[in-house]
Amino acid sequence: MGYYLGVDGGGTFTDCAAMDDKGRLYFAKATTTKDDFAAGMFDALSALADECGTSVPDLIAETERFNLGTTVGTNLLVERRGARTGLLTTAGHGDAILIMRGTGRTAGLELDLLFHPQATQKPLPLVPRALIREIDERTDCAGNEVVPLDEAAVEAAVRSLVEDARVTALAIAFLWSFKNPAHELRALEIVRRVAPAVYVCCSHQVAPRLGEYERTVATVINSYVAPASAACFQQSADRLRRSGLKHPLLIMQTSGGVLPADKAIEIPLTSLGSGPVGGLMGSLSLARALGHKNIIATDMGGTSFEVGLIINGEPLVGEEKIIDRYRYRLSQLETTSIACGGGSIARIDPYSRSIRVGPESAGAEPGPVCYRRGGTEPTVTDADVVLGLLSADGFLGGRMPLDREAALRAVAGLGEQVGLGPTETAAGILRINNLRAAELIRQQTVVRGYDPRDFVVYAYGGAGPLHAFAFAQELGVKGVVIPLGNGASTLSAYGCSTSDLVLNVERERLFFAPFPADEVNSLMVELENQALDSMRDMGKSGHEVEIERFGLMRYGGQWLHSLLVHVPPGELTAEDLTAVVDDFRAMYDALYGHGAGVVSQGVEMVTARIRVVARLQRPTQAAQEPFNEAAGTKGRLGTREIFWPDRMERLESDVFDGREIGPGERIAGPAVVELPYTSVAVGVDQMLECDLFGNFLLRLDQPAGRAAGCAAAQRPAAGALLWAAT
Amino acid sequence: MGSNMTASPQQPDMMGADVVWDGMVRGYAPPEVLSISPRLRLHTAEEPEVDPISYEVIRNSLQNINLENGHTIQKLSISPITMINRDFQCAILTESGDVMFMGPYLMYLANTLGLMTKWVLENRSESPGIEDGDVFLCSDPYVGSSHQQDTELTSPVFWEGELFCWVANSVHYSDVGGPAPGSFCLASRTIWEDPPLFPPMKLVERGGLRADMEQLYLRQSRVPATVAMDLHAALAGLTVSRQRILKLLERYGSKTVKAVMKRTLDAGERAFVDKLRMIPDGRWSERIYTEAAVPGDTGIYISQVNITKNGDYLYVDNEGTSPQIGAINNTYAGFVGAVLAPLTLMLAYDLGGVCGGVSRRVKFRPTPGTITCADYPAPISGAGVCNMPMVVATATGATAKMVACAAPPLRDKALGIADVHAYGGWIFNGINQYGKFFMAMHSGMAPGAIPASPGRDGIDTGGQDWVPGMEASNVEENELSWPVLTLFRRENRADEAGAGRYRSGVGAEEAWILHGTDSLDTQVYNNESFTKCQGLLGGNPGGRAFFRVKRDTDVAARLAAGRVPQSVDEVSGEEIPLFWKGGPIELDRMSVWTLNLPNFAGYGDPLDRDLELVTRDLLEGMTTAEDAFRAYGVVADGDGVVDARKTQMEREKRRRQRLEDGLPPREVRGLIRPLEGSEHRAVGDRLEAVRTPRGIRYACTCGQDLGPEGADFKDSCVVRETPVDAIGPGYSSFAEEMMRKMCFREFFCPRCGARLATEVARLGDDYLWDIDLRLSQGRQDPRERDSGEET
């Protein structure tokens with residue numbers, strides 16, 4: 001037997017997903033071990049081996065591919081447990097990372113806090129002033145040297161940082177290094193000679209983009225997380241190899257691909273935040289099988305709600321990321337998050353006498369009131385319990401009983417203040433929370449010029465499947481997929497397992513239209529060769545490697561806006577490049593309305609990018625045995641009264657054990673399908689169907705006669721074709 | 001008063017007995033009831049009840065719709081001042097033009113959108129009429145923009161034939177004409193030397209962009225293509241928000257949405273009133289001095305804001321402000337918008353940008369014909385670099401002193417002055433490295449600094465509180481666009497500038513040379529003769545903002561030798577004496593120049609600063625042992641170790657010195673004798689209001705009586721007057737003559753020597769009576785009592 005494994009670890013749980021060479025899927029979870037990542041991973045592998053009916057050594061020995069995503073880097077950063085990092089930078093610009101472009105108080109903050117200066121503060125510095133060294137050197141915007149590098153000063157600075165200040169990592173970030181990296185490369189040589197044990201990286205390698213602040217942040221974060229990330233990857237790889245893994249460990253990247261651990265160690269920044277991207281890639285893999293082109297991938301957990309988009313079969317690429325108010329620029333699959341989840345707290349706004357939900361969260365500790373861990377303010381999860389969407393004894397497969405009475409008291413107490421009963425209050429909390437989720441999605445789609453009605457929502461994470469019936473309805477999307485059913489809570493791990501080798505190589509260089517064909521050609525070829533060389537290092541070449549070319553383009557002066565435009569392959573002619581400019585103008589008008597662009601305004605290409613992909617072979621997911629209609633459903637547990645917030649009605653609703661729902665089986669709402677790590681709510685007039693791959697498809701407006709519970713009138717299927725593509 | 005200027009001329013045929021606040025001669029101040037053509041039907045019906053849940057769902061949607069307007073502008077505009085510095089604003093307004101939400105952008109623009117919209121309702125509903133799909137454009141500050149560059153668009157949203165609400169935005173356009181590139185015409189003496197005014201005109205008619213109107217507007221500009229991109233971005237913002245509002249109406253019904261809009265304003269009003277009720281009645285003032293009405297003028301002028309709190313209302317006037325003159329004027333629209341910014345930050349910080357409820361409780365009574373409420377034909381285009389930040393600063397001072405008298409926790413929301421009326425701005429033009437004409441605005445104020453508060457230090461380079469989303473551009477972005485090379489951009493140190501019990505956050509300095517061109521023309525820069533940023537309640541004033549130029553330097557030789565100069569003092573050459581407002585200057589290949597955005601206001605007596613905070617600053621390299629000694633009387637060694645005993649002795653010595661140096665109090669008083677059990681109310685850092693058998697009196701926390709309510713406590717203080725450049729080394733400028741017109745006044749408790757207040761003032765001007773509590777019955781100003789509506 002051969003296995004294709006994905007692991008997503010470092011959060012509360014370490015999740016595993018595996019596909020065997022017959023295309024069968026297996027999932028498992030274990031608690032993350034805080035100080036020994038590999039230990040938690042092996043716990044999860046042990047659980048996975050049980051699921052597969054084998055032992056850990058056999059599982060690992062038979063593993064054909066092992067893809068690992070972690071939040072280790074993010075944890076280091078947020079908890080400020082990274083390496084003591086020193087920064088070498090251009091004389092006169094050492095304060096860039098302290099000034100933070102004046103946005104250190106506000107970047108990434110919720111709107112309400114922006115009007116409240118006393119509630120804002122800058123983050124703890126990643127590199128304190130004492131560890132910043134300014135070096136005499138200067139390059140200009142054309143890449144010409146203005147002041148040569150003071151090599152003696154570099155050596156002295158490195159010695160003082162390493163010997164006196166005891167830094168264990170260094171970042172080198174000089175102005176305009178992405179135009180001309182000579183000074184950074186020379187400084188790198190000096191560091192390697194003087195302090196060979198210290199981790200060091202250069203800004204032109206980590207994030208070769210315009211903007212010294214963001215480039216410095218990227219470089220510093222990279223160094224800050226590098227030693228511990230490298231140790232984590234290395235230890236995991238070593239332990240797996242000793243346990244019999246025959247293939248190199250591959251590390252999940254925010255590009256949506258994987259890289260061999262030894263390559264990933266070079267620039268760990270690109271694996272920072274790869275967890276949400278894993279979920280997005282899992283959605284993408286399933287969407288290809290289901291024939292869905294436009295996906296809103298949503299992950300709702302206890303405190304946050306993450307959204308990523310797939311447009312026309314391609315995940316949306318973002319160019320910027322904010323962590324802890326530090327901003328950096330890196331091409332990555334875009335995911336956006338707000339504080340909105342099961343733990344979001346409901347409060348009364350005293351002036352409008354209305355209910356607000358979030359952004360404050362009870363998190364996992366103390367958690368919702370019903371967890372009985374000391375939480376006193378009602379949360380979204382408490383509202384779920386009060387309404388009956390979550391059952392007090394069915395949570396986490398019954399392993400964690402919930403205190404419904406306490407939840408009810410808390411919700412009732414809140415409602416009394418505005419003259420609402422407990423049920424109305426709980427329903428209201430959900431309506432507001434769902435609206436916030438829908439708002440985030442709307443912002444991500446509408447602002448980019450897309451209409452959410454052209455999308456299917458993929459809902460995963462602990463709280464996603466329970467609330468998708470309502471926020472998806474709010475958006476008017478075509479339908480909802482609970483990917484892999486029971487696998488929805490480990491979708492990121494599954495996504496890691498499906499990812500291919502991906503490498504982005506790019507160069508920031510400004511071209512004004514009409515673009516000079518010879519210069520663009522030589523740049524594209526140079527970047528392609530660079531990318532292909534790296535792929536060759538990873539053992540991939542020739543027809544195994546797909547190459548795509550892009551230009552980041554904008555109207556002259558639009559620093560904050562660019563569109564990713566495909567550039568055709570091969571030797572480009574002037575006509576080809578004119579067509580690229582026309583494509584840009586057409587995209588711009590399509591996104592922002594006809595006439596949004598100004599014809600007289602020049603078009604620029606700012607960045608040339610090559611994306612190379614080596615597809616990794618894996619089995620096709622096996623279809624399961626269809627549900628035997630004659631035998632009837634095995635999963636029905638009974639009924640319970642649920643108050644449906646979208647209808648404001650209390651209805652006797654069916655309850656199912658999701659593990660017993662088979663392919664082809666349909667469940668008409670109102671119903672709840674309980675799974676070990678999540679529950680799926682099926683609203684009134686909605687229909688849940690299990691497909692041949694174990695995905696739950698939720699039709700929002702599709703009652704059907706052939707239902708396990710109640711029958712409802714047949715209505716024309718607006719989105720019917722959507723589901724037919726399996 | 002030493003000025004070589006005469007007051008602004010008046011336009012004879014517009015002057016008469018009937019000057020009214022109609023946006024012609026005098027700024028437009030809308031009446032309570034608007035006069036609107038009966039042809040236009042307004043949607044006023046609302047559901048009597050909306051449940052708390054639907055309310056929140058709709059409120060949240062409206063807030064996000066307004067943000068989408070802003071996101072669109074930010075994304076699609078191309079002038080850095082808009083897309084990066086966030087010099088724009090957007091709003092949703094009720095059918096009658098009341099601003100409901102503003103976005104986290106330049107705050108003072110929000111209310112101007114309301115004024116413009118109300119003016120359109122009153123003056124355009126008959127002809128040419130207001131119809132579905134229309135967009136009106138306005139750049140007339142007498143109607144509702146803060147200066148001509150801030151051109152505003154407002155667009156009605158119709159529902160079933162009735163005008164349901166408005167969506168609007170105001171964007172700073174790079175150049176809208178007039179004699180100076182960038183349109184800041186700082187030498188204008190009348191509006192006829194300024195960029196043209198466009199009173200509201202129909203730019204879009206029933207959904208169709210009018211080519212004639214668009215061209216009329218763009219034709220004035222030196223950079224019409226840039227302005228066109230930004231104008232289209234602004235139009236796209238309106239389209240996005242209008243479409244989403246229509247969807248909301250379809251879904252929830254117009255009466256429900258309207259009820260939510262009204263209730264949101266009511267809730268904002270209630271929240272504001274609740275805060276007001278934590279503040280005693282009284283009158284608080286701030287006075288800020290500015291200089292040079294046009295280049296070469298040596299006059300000194302006053303902006304004063306006085307806030308009277310009476311019950312649940314605030315009354316704001318500008319009594320004490322200089323008559324309108326030269327190019328340092330703003331209109332009523334600017335005054336109101338600027339005053340509302342600090343009121344929102346300190347008293348409506350929890351409303352997420354709902355400012356409409358606040359403005360219902362604030363009554364404006366500025367004196368017309370003054371620099372902060374000018375009449376036609378005063379030129380206004382320069383307001384953006386001088387008056388608007390100056391009025392924000394003045395209003396901030398008055399508001400902060402008022403809020404500092406509030407009960408905790410509101411008291412801690414007081415925020416010192418961030419006076420960017422020196423603005424750190426630099427506007428220049430020339431031929432760039434690509435051989436093309438360019439024009440640029442560099443906002444040196446963008447790294448910002450958050451001033452001190454009664455409860456905490458400010459925030460170093462923490463942005464501008466009154467432009468919450470503001471960002472500084474990267475050095476590399478600037479060098480890519482403009483033919484310059486930045487020698488350094490660094491944080492200031494925490495020295496005397498903005499020192500106090502709590503210090504201001506530090507500002508930043510940036511220096512350049514030319515690169516890729518032979519010369520540049522600089523149109524706007526500000527080099528302060530003296531600091532204009534008053535300290536808060538005994539704190540040091542902010543530092544002096546400067547713009548320095550050295551010519552014929554050896555910078556090229558230094559670079560060739562492998563060294564990047566890190567201060568202007570380091571290079572040889574001749575420094576040109578620059579004044580607050582010089583004429584255009586040419587910079588060449590041998591020039592080095594630098595711009596400093598100083599630290600802002602400190603809070604409380606620096607000698608009261610906690611030693612741990614000083615130690616932290618020493619260890620973090622934010623201050624030096626010498627600075628800590630000068631500013632705080634702290635004795636520390638080179639490693640930042642503070643000697644507590646020596647520090648205490650030094651501080652005691654300085655307190656004694658203050659009393660020896662100072663002029664004796666005008667009124668000599670003894671110890672305060674409080675009524676048994678009465679509470680002391682903090683009304684400053686060490687200043688208190690105390691109930692005594694002789695009525696309410698001011699006192700120092702040491703027990704010194706500082707006089708009765710109804711008198712200025714400053715009259716009971718020892719006062720020391722020193723030259724402004726004696727505050728610290730950074731306060732000295734070339735403008736000897738101007739500096740000598742001013743002084744630094746410190747008001748000390750005659751018993752313990754604590755510093756209770758400071759003023760940067762013109763020599764000979766009386767003390768500013770800035771705190772006048774009216775705790776006792778019957779002390780309300782009759783003017784306010786007459787018109788104060790009951791709640």
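A residue is classed as buried if 20 or more other C-beta atoms lie within 10 Å of its own, as exposed if 12 or fewer do, and as partly exposed in between, with C-beta atoms placed from the backbone. The structure is a predicted model, in which local features need pLDDT of at least 70 and side-chain atom pairs count only at pLDDT 80 or more, while totals for chains, interfaces and linings use all residues. Residues are numbered from 1 along each chain as its sequence is written, and chains are lettered from A and ligands numbered from 1 in the order in which they are written.

By the burial criterion, 17 of the 23 residues of H6(B) are buried, so this helix is largely enclosed by the rest of the structure. Helices (H or I, at least four residues) and strands (E, at least two) are DSSP runs numbered from the N terminus. Helix H6 of chain B covers residues 254-276 and reaches 33 Å from its first C-alpha to its last, close to the 33 Å expected at 1.5 Å a residue; the expected span is 1.5 Å times one less than the number of residues.

The axes of helix H1 (residues 52-76) of chain B and H6(B) come within 9 Å and cross at roughly 85°. Axes are lines fitted to C-alpha atoms, for helices over the stretch in contact, and angles run from 0 to 180 degrees between N-to-C directions. H1(B) and H6(B) are therefore roughly perpendicular to each other, a class that spans 65 to 115 degrees. Two residues are in contact if their C-beta atoms, placed from the backbone, lie within 7 Å. On the H1(B) side, B:Ser54, B:Tyr55, B:Ile58 and B:Arg59 meet residues of H6(B) that include B:Val257, B:Val260 and B:Arg263. This contact has four nonpolar, three polar and two charged residues, where Ala, Val, Leu, Ile, Met, Phe, Trp, Tyr, Cys and Pro count as nonpolar, Asp, Glu, Lys and Arg as charged, and the others, Gly among them, as polar.

The loop between H6 and strand E8 (282-291) of chain B holds B:Pro280. With 17 C-beta neighbours inside 10 Å, B:Pro280 is partly exposed. Beyond its neighbours within four places in sequence, B:Pro280 is in contact with B:Cys405, B:Leu773 and B:Leu775.

Between the chains, 68 residues of chain A are in contact with 76 residues of chain B. H14(A) gives the most to the side of chain A that touches chain B, with seven residues. The residues of that side divide into 31 nonpolar, 21 polar and 16 charged.

A nonpolar core is a set of buried Ala, Val, Leu, Ile, Met, Phe, Trp, Tyr and Cys residues joined through C-beta atoms within 7 Å. The largest has 460 residues, and those with the most contacts inside it are A:Cys16 and A:Ile221. H9(A) gives the most to this core, with 13 residues. Not counting residues up to four places away in sequence, A:Ile221 touches A:Leu77, A:Leu126, A:Leu269, A:Tyr326 and A:Tyr328. A second, separate core of nine residues includes B:Ala499 and B:Leu607.

Backbone geometry was also examined. The peptide bond from A:Gly669 to A:Pro670 is cis, with omega near 5°, and a cis bond likewise joins B:Ser127 and B:Pro128, with omega about 5°. A:Arg80, although not a glycine, has a positive phi of about 55°; A:Arg80 is exposed, with 12 C-beta neighbours inside 10 Å.

Conventions:
Parallel < 35°, antiparallel > 145°, perpendicular 65-115°, else oblique.
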